[in-house]
Amino acid sequence: MWFADRLSAAACLIDRLNAALGRAVAWGTVLIVLVQVAVVLMRYALGLGAAWLSETIIYAHAGLFLMAAAWTLQAGGHVRVDIFYAPAAPRTKAMIDLVGALVFLLPFAVALGLLALPYVERSWAVLERSREANGLPLVFLLKSLIPAFAASMALQGIAQAIRAGLALRSPVASTSSVRDATENSGRPP
């Protein structure tokens, strides 16, 4: 029983980590809106343009999507074929979650992380910058978000696999109660 408690605690820790990361980068939406308004006003009211401002929007958008994906997965916000999943019994849902995490999500995250590393290393080696003359000199940092995305998704997949495994192991635990615990783990009591 202590092993199950430790696994559950690890899953909750992963959930809190991804929820904190997701909430932090969610503020990027405010940045995106403010900078986009500034770009539009500068362009159409003042006749000015700045590549670095446009790139800031792109960077913030990419960061938002890459770093909030695991939080979205935790909250059940990714696309799922609900015609099969929604009416399923709790144990069937747990089995689908376990197989999905182990067979699809984790191999994808590992492959993406491993394939992205040389790409990111080359970018860091030359401190890659924008092709635009007045663009942002931070392309290497943007590319670094790809393996970070893979790591956060892999961690969330591990948390889902733990919860699904515990739900399958326990005769009384249901996936919905496990998912409710997950949703509440990122919130303060």
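A nonpolar patch on the surface is formed by M95, V99, L102, V103 and F104, which together have about 470 Å² of accessible area. Patches consist of residues with over 30% relative accessible area and no salt bridge, like charges being joined within 9 Å and nonpolar side chains (Val, Leu, Ile, Met, Phe, Trp, Tyr) within 5 Å. Accessible areas were computed by the Shrake-Rupley method with a 1.4 Å probe, and for residues only the protein chains shown count as cover.

The model is predicted: local features require pLDDT of at least 70 and side-chain atom pairs count only at pLDDT 80 or more, whereas totals for chains, interfaces and linings use all residues. Residues are numbered from 1 along each chain as its sequence is written, and side-chain values use heavy atoms, with hydrogens and water left out.

The protein chain contains seven helices and zero strands; helices (H or I, at least four residues) and strands (E, at least two) are DSSP runs numbered from the N terminus. The radius of gyration of the protein chain is 20 Å, well over the 16 Å given by the globule rule for 189 residues, so the chain is more spread out than a compact globule. This radius is taken over C-alpha atoms, and the globule rule is 2.2 Å times the number of residues to the power 0.38. Along the principal axes, the C-alpha atoms fill a box of roughly 65 × 35 × 35 Å. Buried residues account for 39% of the 189 residues. The chain exposes about 11,400 Å², of which carbon and sulfur atoms supply 72%. Of the contacts (heavy atoms within 4.5 Å) between residues at least 6 apart in sequence, 76% join residues at least 24 apart.

In soluble globular proteins, nonpolar side chains tend to be buried together. A nonpolar core is defined as a set of buried Ala, Val, Leu, Ile, Met, Phe, Trp, Tyr and Cys residues joined through side-chain atoms within 4.5 Å. The largest such core comprises eleven residues, namely V25, I32, V35, V39, A50, L53, I57, A60, L64, M67 and A68. Helices α2 (28-45) and α3 (51-74) each contribute at least two residues to this core, and α3 gives the most, with six. Residue I57 touches I32, V35, Q36 and V39, residues up to four places away in sequence not being counted. A second, separate core of seven residues includes A94, L98, A101 and A164.

Two salt bridges are present, each defined by a side-chain nitrogen of Lys or Arg within 4 Å of a carboxyl oxygen of Asp or Glu. In one, the side chains of R163 and D15 meet at 2.7 Å, N to O. This pair links distant parts of the chain, R163 in helix α6 and D15 in helix α1 (residues 2-26), 148 residues apart. Both R163 and D15 are buried. A salt bridge also joins the side chains of E128 and K143 (2.7 Å, N to O). E128 lies in the loop between α5 and α6 and K143 in helix α6, 15 residues apart. E128 is partly exposed, with a relative accessible area of 25%, whereas K143 is buried, at 14%.

The loop between α5 and α6 (139-169) also holds L127. Although not a glycine, L127 has a positive phi of about 45 degrees, and L127 is partly exposed at 48% relative accessibility.

Key:
Buried means under 20% relative accessible area, exposed over 50%, partly exposed in between (1.4 Å probe, protein chains only).
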